[in-house]
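Here's a quick briefing to read with the structure open beside you. Take it one topic at a time and find each residue as you go.

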Amino acid sequence: MESCFSTTISSSSSPFSIFSIQGSSSNVGRKFSKSCMHPQLLSCQLPKPFLQLNGRPKYRLNQRRSAYLSSATYKDPISAEKQGWDLGRFFKTLYFFNGPPSPAKVRNEEKARKMLGPDIELIVGDITKESTLVAQYFKGVKKVINAASVIIGPKEGDTPDRAKYSQGVKFFEPEIKGDSPEMVEYIGMKNLINAVRESVGLRTGKLLFGIEDQLSKELDWGALDDVVMGGVSESTFQIDRTGGEGGKPTGLFKGIVSTANNGGFTSIRTKNFSSPVDLKAYDGFELRLKGDGRRYKLIVRTSTDWDTVGYTASFDTIGGQWQSIRLPFSSLRPVFRARTVSDAPPFNPSNVVSFQLMFSKFEYDGKLNPTFVEGPFELPLSTIKAYIKDPITPRFVHVSSAGVTRPDRPGIDLSKQPPAVRLNKELDFVLTFKLKGEDLIRESGIPYTIVRPCALTEEPAGADLVFDQGDNITGKISREEIALICIAALESPYACDKTFEVKSVVPFSEPFTVDPENPPPEKDYNIYFQTLKDGITGKESLGQSAIAV
């Protein structure tokens, strides 16, 4: 039983990209059928890892492990009364936002070049060494297929083309080759999750401001009112320690708005973030707030320049009610001084540098806010998050193994189990650490699918399948079939946050072949995914008897 850390990655500019890091491996698949439009998943016989991001392949090479990474009108008139202008507050506003004035050497690179071509950027990395998984390698990566595992091979050795391993039927006494299961299955998994978490996104969203569960995120807000154009409106932002839902803390945007001196808006704006925030994994902003029946604006900037285009969305609130406002990225319009900038580039969620909340008599392009009234206002704002739209599909598909819960299962007849189950202890608890790696995924917050194949073979895809849950079945399945299942899972909400085992209906004793002149029809894997249930992993039967390692 050998595996390959195979991770396929999808980015926004290319539906499927590939990241492969060579090393411990479970050959997920060699090649898709000619009728399949998905890219080729390379066999883990490749000794080096490779990666493709943003439509341009990048190959990540490593000496030991491999990864394929895939209407209302105004109720009151608006007057323009002339009042005194606060010059000091004007300069204070400018100072707040702008600050004071300031005058490996790669063993098989040749083989990789020959196989992958000259236009591939090669990068060295090791999943057991977190420092080598540099964040910039994963920028733009939105989906990952990971089929990493330790290398297990015959004690007596194998042929150069690994014929003993690939045949998948005759049993050879196994041993661990290279890094330990703990290093690859558990520590390697932890490193990989940490490396991709920001780029693939979290099911519950990314907290950008406020307090949620055990997380908190502060932003440095400052008033940016019509004082900058001669007005007298005034606002502030403060933390109300007990004003939130259930007596919890909340932010509070409050002030007094006036149309004197041709003004008519108040706002709060954050200082530019210390580094841009990449939200490419998400689909929009979600604000949790207590409305007052008025219309506000959220303005998001992707440039650190002071006076620049702001990507803007207006939203209406319900008076006296806590509500969640979702603003899709696609709803943000480029606006400069209340005018739409028709030739501005589209909003870039990968480079968010500041937020602004505004209450104004102005909408866009000469239109007025139908809910605007002069005088005091306040808007409690508890959180700003980035969200993934529904239906959520998996962002991390992991190829594990059937049998991971069985070594410690009470009352199980080990003599009827596959060799990896019987020899779990002798193989340095390989299945135990696979299960611990699975748990890291389930606990990560990343939308996932965990696929547990039975014994992998080099047979073609196309046989009828059995999907099961609870970790009970034995049998065999084609690596090519597993590759197709992984690709399909990435696009299926039915596969999200599910763990399942899979095998073909063909017995071990019967080889499965495909007639090229009459190939089997392509499967709709959603039919299988729809049968899966939440929360079933096989751990339910372990009780308290699991061995701690």
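Between which two strands is the loop that holds D365? The answer is strand 22 and strand 23. Keep in mind that this is a predicted model, where local features need pLDDT of at least 70, side-chain atom pairs count only at pLDDT 80 or more, and totals for chains, interfaces and linings use all residues. Residues are numbered from 1 along each chain as its sequence is written, and side-chain values use heavy atoms, with hydrogens and water left out.

- D365 isn't a glycine, yet its phi is positive, near 55°.
- D365 is partly exposed, with a relative accessible area of 37%; the labels here are buried for under 20% relative accessible area, exposed for over 50% and partly exposed in between, using a 1.4 Å probe and protein chains only.
- N261 also has a positive phi, about 60°, without being a glycine.
- You'll find N261 in the loop between strand 14 (250–257) and strand 15 (265–270); strands (E, at least two residues) and helices (H or I, at least four) are DSSP runs, numbered from the N terminus.
- N261 counts as buried because its relative accessibility is 8%.
- D390 and P391 are joined by a cis peptide bond, with omega about -5°.
- P391 sits in the loop between strand 23 and strand 24.

**Salt bridges**

- Searching the whole structure turns up 24 salt bridges, each one a side-chain nitrogen of Lys or Arg within 4 Å of a carboxyl oxygen of Asp or Glu.
- One of them joins E212 and K385, at 3.1 Å from N to O.
- That pair connects distant parts of the chain: E212 is in strand 10 (residues 206–212) and K385 is in strand 23 (residues 375–387), 173 residues apart.
- How exposed is each partner? E212 is partly exposed at 23% relative accessibility, whereas K385 is buried at 9%.
- D471 and R409 make another salt bridge, with their closest N and O atoms 4.0 Å apart.
- This one links distant parts too: D471 is in the loop between strand 27 (465–468) and strand 28 (476–478), R409 is in the loop between strand 24 (396–399) and helix 5 (419–422), and 62 residues separate them.
- Both D471 and R409 are buried.
- R442 and D439 form a salt bridge at 2.9 Å, N to O.
- Both of those residues belong to helix 6 (residues 430–443), where R442 and D439 are three residues apart, about one turn of the helix.
- R442 is buried, and so is D439.
- R442 and D439 are also part of a salt-bridge network, together with E438, R452, E501 and K539.

**Aromatic rings**

- There are 21 aromatic pairs in the structure; rings of Phe, Tyr and Trp (its six-membered ring) pair if their centres lie within 6.5 Å, and planes under 30 degrees apart count as stacked, over 60 as edge-to-face and the rest as tilted.
- Y311 and F347 make a tilted pair, 5.6 Å centre to centre with 55° between the planes.
- Y311 is in strand 18 (residues 310–316) and F347 is in the loop between strand 21 (339–340) and strand 22 (354–360), so the pair ties together parts 36 residues apart in sequence.
- Y311 and F347 are both buried.
- One aromatic cluster is made up of F253, Y296, F315, F359, F372 and F377.
- K297 lies over the face of Y364, 4.9 Å from the ring centre; to count, NZ of Lys or CZ of Arg must be within 6 Å of the ring centre and within 35 degrees of the ring normal.
- K436 does this with Y186, also at 4.9 Å from the ring centre.

**A residue in strand 22**

- S354 is found in strand 22, and it counts as buried because its relative accessibility is 0%.
- S354 and V277 are 77 residues apart in sequence, while their C-alpha atoms are 9.0 Å apart in space.
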